[in-house]
Amino acid sequence: MKICKIPKKDLDLFASVLPAFGKLYAPVSRGSGYVFDQPLSWSEISLGYPRTLLPPRKFFLPPREALFSFDAREGYRDLLAEASEPQVLFGLHAYDIYGLNILDRVFAQGRYADPYYVTRRQHTAVIGIDFDPDEQHFARAMNADFVDSGFDLFLSDIGPDYLVRVGTSRGDDMVVMSGCLLSEPTQADIAEFKRRSSERHAAYRTEVELGDLPEILEMEYHSAVWKELGDRCLSCGSCSMVCPTCYCFDVADEVDLGTRAGRRIRTWDSCLFKAHALVAGGENFRKSRASRIMFRFYHKQRGFVAEYGRPSCVGCGRCIGACPAGIDIVSVIRMIRGQVDAH
Amino acid sequence: MTEAKTVLIIDDDPDFVRAVGHLLQSAGYVVTTASNGREGLAQAKTVRPDLILLDVMMEDRTEGFFTLEQIRDVPALRTTPVIVISSIYSDHPVFRVSPESGWLPADLFLPKPIEPGRLIAESARLTASEYAGRLVMEKGSDVR
């Protein structure tokens, strides 16, 4: 992996050439939080953000997208061209890149690759940046606090400079295009990177034991914890909407009034919604809220481990802040482990 | 009778705006101005100028670059000729990405201080009906 460095004071100049690789999106302050959006100026970008309201998955699996249109006379027309718009995501944290790597396993590397997701992933440059964890981050426990793939460039704070890891040939193109803004790091820079990396690793305040969790979940299938969580959960789906790795979707056809043309629309869905498991004939396989929230935990912490070898949670902590009922994934895991009593 | 062309000047230097404004008005252009990128973008959307003169170093030293991206993001302004006028290359020699390399979605880059005769000639060229537009120039040169 190629490594270089850039002075922090010149990062604005570097960001100025990035639109040559696609529409630039970066963390900017909006209301009381942060979102990935197009910045109007460099000073609008908040690189010290704790986390964004929505994860970057919205750039790859939009909340609502038309997959294809159909017309009785012209037939089908795919809308992949819209997914080919080049974009640059600047300032992603490691856990969000890890989230994308997890989505890759499902939508790009699985048996059935999703052409819309794959096209967007191919046309999107990802530039990561490190961060200081707060009390809601538990990415270290999910092994998602450091990434070695899934990005074009990754910036690590080493004082007056950023150490830049180059992950792809597109990232290398960015470095080459920026000319002398980037330079070779010294041994002292590498030493500072290692020192700060250890420091950041140690800065996580929230710990979750994962090792035997799938087995414990298996044993606690009938635990009273799920009933208690079901009583508190509002089935609003907020946790799913803010999750970097949730990917449930709904598909429906929107037909024009003349019924001769229309479009197939894919929208975000949530396994917590009452109608999520409702099928034709009126049968609902997950009628109770307890069963729905339980299966969300089982999917992320058990089913995904069995299928892909790791949980699909990346420890970003968004769901903790988003839940209006105060359901906290870290506490739930501790309750299941018997480390904390159910309320 | 030909309708006068409108030029939008986006620059935070009031002396520059006044001087260039007078110069263009004397050449028959209608001039409108904005003192920062945000205001300039709003003006561009409502005025729909025939030409935009855009400074780079305003409140932020790269503000004009960001403003230009926003301008190009508006469908009605995608092909509006833009002349970027800046001293960023001389003020920051570390920035050596040539404006001719295709990364900057402008029609022309002019270094400050500008030469009045050149500005008038280029304004006339870029607002002429025969001007084929930036998209033609861009072919094969854009990284995208």
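How many salt bridges does the rule find across the interface of chain A and chain B? The count is three, taking a salt bridge as a side-chain nitrogen of Lys or Arg within 4 Å of a carboxyl oxygen of Asp or Glu. In one salt bridge, the side chain of B:Arg61 meets that of A:Asp12 at 2.6 Å, N to O. The model is a predicted one, in which local features need pLDDT of at least 70 and side-chain atom pairs count only at pLDDT 80 or more, while totals for chains, interfaces and linings use all residues. Residues are numbered from 1 along each chain as its sequence is written, chains are lettered from A in the order in which they are written, and side-chain values use heavy atoms, with hydrogens and water left out.

As for the rest of the interface, 26 residues of chain A are in contact with 21 residues of chain B (contact means heavy atoms within 4.5 Å). About 2,100 Å² is buried between the two chains, with carbon and sulfur atoms giving 62% of that; buried area is the accessible area (1.4 Å probe) lost by two parts on being put together, summed over both.

Turning to chain A itself, there is an open sheet of four strands in the order S5-S4-S11-S10, with antiparallel pairing (strands are DSSP runs of E, at least two residues, numbered from the N terminus; two of them pair if DSSP finds at least two bridges between them). Its edge strands are S5 (75–78) and S10 (249–255). S10(A) is joined to S11 (residues 261–268) of chain A by seven bridges, and A:Ala252 sits opposite A:Ile265 in S11(A).
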